[in-house]
Amino acid sequence: MSIRTTTRAVLGARLRSANGLLGGFAAASAAHLGAILSGAQVLRNATKPALMPLLAAHSLTAAGTAEREAPKLLAPALLLSAGGDVLLQLKNDPAFLAGMGSFAAAHVCYVTMFVRRGALTDRRRSLVVAAAYATAWVALVGQLWPDLGDLKVPVAGYSLLLASTAVTSAGLGWRTGLGGALFLLSDTLIATQLAKWRELPGHQFWIMATYVLAQYLLASGILAHEDGTAPDAHPEALAV
């Protein structure tokens, strides 16, 4: 068997594995969202910790099909998010703060990845996007502040990191930009719960639906950028 044939066989196997893992992520996401709607708490608790590890495994395997390594901080970002998911299920204040810290570390990974890949290269666009998100952040925190109690400072600090992900993600294309915006929306819905604002119909469903889609868009968007297939990727940043 020639080296070319062997390489094709290996890449074919990786592609099948990547597709299988993506199917597993989609199935686990659908089961989790269905469990929220149906009130199946056991299924809900069982599926949530599996979501981000499956997406991380898919992302690493999918990068291998293009014979390119995934960004080193992508798997940590997703696994730190998984840690946050687990901690938030414990339903107590110390676990909530620890979960917020785990998600904050995930956002540091995302921001670092995006900046290293030229997310801020277009300074004019970056300033416009940053100004828009800053305005939204000030307005939102200002509205939530009186109702957050002891969580005022942690929520404000975390939300700054979250907004930073949204700003920098927009610099790598529509896919990551939409992912960053949806992540911000998902956590904003959580913040309104903390402030005991009136909830939307299906509030928990929308929190998780926007979160799962956000993470998928961020992960797939950064991989598309690495492959040079993102429509507005910066070629000069691929070597960073």
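This is a predicted model: local features need pLDDT of at least 70, side-chain atom pairs count only at pLDDT 80 or more; totals for chains, interfaces and linings use all residues.

Me: What makes α6 and α7 roughly antiparallel to each other?

Reply: Look at the angle. Helix α6 (residues 152-169) and helix α7 (residues 174-194) pack at about 160 degrees, and their axes are 7 Å apart. Angles over 145 degrees count as roughly antiparallel, so that's the label this pair gets.

Me: Which residues in α6 and α7 meet?

Reply: From α6 you have V155, Y158, L162, A166 and S169. Across from them, α7 brings T176, G177, G180, F183, L184, D187 and L194. That contact divides into seven nonpolar residues, four polar and one charged. Asp counts as charged, so D187 of α7 is the charged one.

Me: How do you know that the reach of α3 is close to the expected one?

Reply: Helix α3 (residues 74-88) has 15 residues, and its first and last C-alpha are 21 Å apart. The expected value, at 1.5 Å a residue, is 21 Å too.

Me: Why are some residues of α3 called buried?

Reply: Buried means under 20% relative accessible area. In α3, L74, A75, A77, L78, S81, A82, G84 and D85 are buried. For the chain, 45% of the 240 residues count as buried.

Me: What is the pattern along the sequence?

Reply: It reads α-α-α-α-α-α-α-α, with eight helices and zero strands.

Definitions and conventions. Residues are numbered from 1 along each chain as its sequence is written. Side-chain values use heavy atoms; hydrogens and water are left out. Axes are lines fitted to C-alpha atoms, for helices over the stretch in contact, and angles run from 0 to 180 degrees between N-to-C directions. Helices (H or I, at least four residues) and strands (E, at least two) are DSSP runs, numbered from the N terminus. Angles under 35 degrees count as roughly parallel, over 145 as roughly antiparallel, 65 to 115 as roughly perpendicular and the rest as oblique. Contact means heavy atoms within 4.5 Å. The expected span of a helix is 1.5 Å times one less than its number of residues. Buried means under 20% relative accessible area, exposed over 50%, partly exposed in between (1.4 Å probe, protein chains only).
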